[in-house]
Amino acid sequence: MTVTAVKYTSDESQHTSIRWAISDTLTLARRNLLALFRIPTAVVFAMIQPVMFVLLFRYVFGGAIPIRGTTYVNYLVPGILVQTTIFGSVSTAIGLAEDLQRGLIERFKALPMARMAVLGGRTIADTARNVMVLIIITGVGFAVGFRPQGGFVDYIAACLVMLVFAYCLSWGFAFVGLAAPNSETAQAMTFPLIFPLTFASVIFVQLLRLPGWLRPFANNQPVSQTADAVRALMLGQPVGDSVWVSLLWSVALVAFLAPLAVNRFRRAA
Amino acid sequence: MSEFAVEATNIVRTFHDGSFRALDDVTLRVPTGEVFGLLGPNGSGKTTMVRILSTILSPTEGVATVAGFDVVKHPELVRRHIGLAGQFAAVDENLTGFENLRMVGFLNHMAKPHAITRSRELLAEFGLADFGNKLAKTYSGGMRRRLDLAAALVANPPILFLDEPTTGLDPQSRQDLWAIIEGLVEGGTTVLLTTQYLEEADRLCKQLVVLDHGKIIAEGTSSQLKSRLGNTVLVLTFGSTEHASVAAGLIADLSSKAPNVDGTVIELTVDSGPAAAADALRRIDASGTVLVGLQLREPSLDDVFLNLTGHKAEEPATTESGDTGGRRARRKAKV
């Protein structure tokens, strides 16, 4: 027995333990994606909600929202994309709450795997899901008249900016999922966080249409900054420093939220 | 491996900033190659002990080694030597049985072909070969437990922790699981098992400790515990509570233990059931009290507790149907 143990310790150089941490993370990311496709309702809901938002704002509210400098659909679709990637974080919270509830996190903690892979695998799987949603909503956007003037490279850059932002923000939702007593509560807890961020923002209307008291928040909060960056890139408008501001927010958020989630994970189960 | 696969010394674990002592100075030694039982009702600290030994929780005080490694100083080495099957089958319902096992193989850092062969092997061994490609959510309770146990065995761990492996299972599934555990021990595995069932402890465990409110209240081999307790419980039911209390006085000297009178029912633990029953019948018949029922049964955990602590194991054994109520109760209990 002791002999085996000694062999193991000598095998685990820093290099191999990093390699294993990556391998564990991918194993769990793959597991989460497999599970996602096995629950068709979850996939359908993830897709239907943003599509409904596009149609609702394009055809119902859009006519009543004046926009300077471009058409409303061009203004709307980049915003909806940002909103959708942020909504994707809800599944980070629900997924971790379910794993905790089912005792899977306990099982993972007793395995000789990298513990961080549980959080890494979840957030990466949710990012992969966000990529799929971005592609689909882009398609829907084009179908209802979205015509971005920026180039293809700028479009990809815009997608990367919002994926990075959503990824960093999802660590906060990982914390929520681990702190909630069950997945239903986890889901309910995400809404009071997500609604002000996405609706008190420049996602659906320009800043000047918001009431004066709301503007300072709406203008400076990170979702608006990200929406500005994404919209400027996609529509070929002057980007200014919006991309950098969004990325800075991403770094700041992950630096604050990831330790919270990791600490919660250590104490969970 | 040394003589003891698991050694835990003076383990204390508190929750809620010290206001609740889940484990209070527990010391136990699990001999290598044996099945060791932690017997106790819900909330007695069994699961907390298993969590500490499997490096999920750290002890507030005390030292524990598993396979010779300190659970606090070298948890990563402990994890290479243990398998854990929890109280609620921790399988991913949205993966197939095969995918569940393969995932655990990968997380044990097994090479892909090895993880695949081992998963197929375990599915066959546990009677799940035909269901390997079915989603775990379609499995019955017994199948889930077997899959959960198989997942704990993927890396062939020399030490296995089983937290209430048969709670809520039907008798046949329970028998199946017992046979599997016995097979593992024949193969040299050390098993630490928690249970609420005296019958299970008696069948599987060479040595036992009985936990109550986080303290060890008895330890020894199962036959030692039984001889302290009496082998059989004689249950007599009377037509009225008056008759029951009269009869209790008449038969009290048939056992070294005092009879437990609950309404019209008397329970008495005795060494020899048939002889005590015959004696009791003669005396009751002569006294003119009206007996309406007589039963001999194996002592239960409740009887053990009644004898050792003077109180019953408070909570009845919960049945698991995979319902969220049970999971919630569990999560609440472990906070």
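**Figure 1. Helix 1 of chain B against a sheet in the predicted model.** Helix 1 (residues 46-53) of chain B lies across strand 1, strand 2 and strand 4 of chain B, and runs at about 120° to strand 1 of chain B. Helices (H or I, at least four residues) and strands (E, at least two) are DSSP runs, numbered from the N terminus. Angles run from 0 to 180 degrees between N-to-C directions, and axes are lines fitted to C-alpha atoms, for helices over the stretch in contact. Two residues are in contact if their C-beta atoms, placed from the backbone, lie within 7 Å. This is a predicted model, in which local features need pLDDT of at least 70 and side-chain atom pairs count only at pLDDT 80 or more, while totals for chains, interfaces and linings use all residues. Residues are numbered from 1 along each chain as its sequence is written, and chains are lettered from A and ligands numbered from 1 in the order in which they are written.

**Figure 2. The open sheet 2-1-4-5 of chain B.** This sheet has 4 strands in the order 2-1-4-5, with antiparallel pairing. Two strands pair if DSSP finds at least two bridges between them. The edge strands are strand 2 and strand 5 (69-70) of chain B, each of which pairs on one side only. Strand 1 (residues 4-15) of chain B is joined to strand 2 (residues 20-31) of chain B by 9 bridges, and the two run antiparallel. Here Phe4(B) has Pro31(B) of strand 2 of chain B as its bridge partner. The hairpin of strand 1 and strand 2 of chain B has 4 residues between the strands, and in this hairpin His16(B) takes a positive phi near 50°. Strand 1 of chain B also pairs with strand 4 (residues 61-66) of chain B in the antiparallel sense over 5 bridges, where Ala8(B) has Ala64(B) as its bridge partner. Strand 4 and strand 5 of chain B pair in the antiparallel sense over 2 bridges, and the bridge partner of Val66(B) is Phe69(B).

Figure 3. Strand 11 (residues 232-238) of chain B is joined to strand 14 of chain B by 6 bridges, and the two run antiparallel; Phe238(B) stands opposite Leu291(B) in strand 14 of chain B.

**Figure 4. The packing of helix 3 and helix 5 of chain B.** Two packed helices are described by the angle between their axes and the distance between the axes. Helix 3 (residues 97-107) and helix 5 (residues 141-153) of chain B pack at an angle of about 25°, with their axes 9 Å apart. That angle makes helix 3 of chain B roughly parallel to helix 5 of chain B (angles under 35 degrees count as roughly parallel, over 145 as roughly antiparallel, 65 to 115 as roughly perpendicular and the rest as oblique). The contact is made by Gly97(B), Asn100(B), Leu101(B) and Val104(B) of helix 3 of chain B and by Leu147(B), Ala150(B) and Ala151(B) of helix 5 of chain B. These residues divide into 5 nonpolar, 2 polar and no charged. Ala, Val, Leu, Ile, Met, Phe, Trp, Tyr, Cys and Pro count as nonpolar, Asp, Glu, Lys and Arg as charged, and the others, Gly among them, as polar.

**Figure 5. The contact between chain A and chain B.** This contact takes 31 residues from chain B and 26 residues from chain A. Helix 2 (75-79), strand 6 (82-85), helix 3 and helix 12 (324-334) of chain B each supply at least two residues of the side of chain B that touches chain A. Helix 3 of chain B gives the most to this side, with 5 residues. By class, the side of chain B that touches chain A has 16 nonpolar, 7 polar and 8 charged residues. Chain A has 12 helices and 0 strands, whereas the secondary structure of chain B comes to 12 helices and 14 strands.
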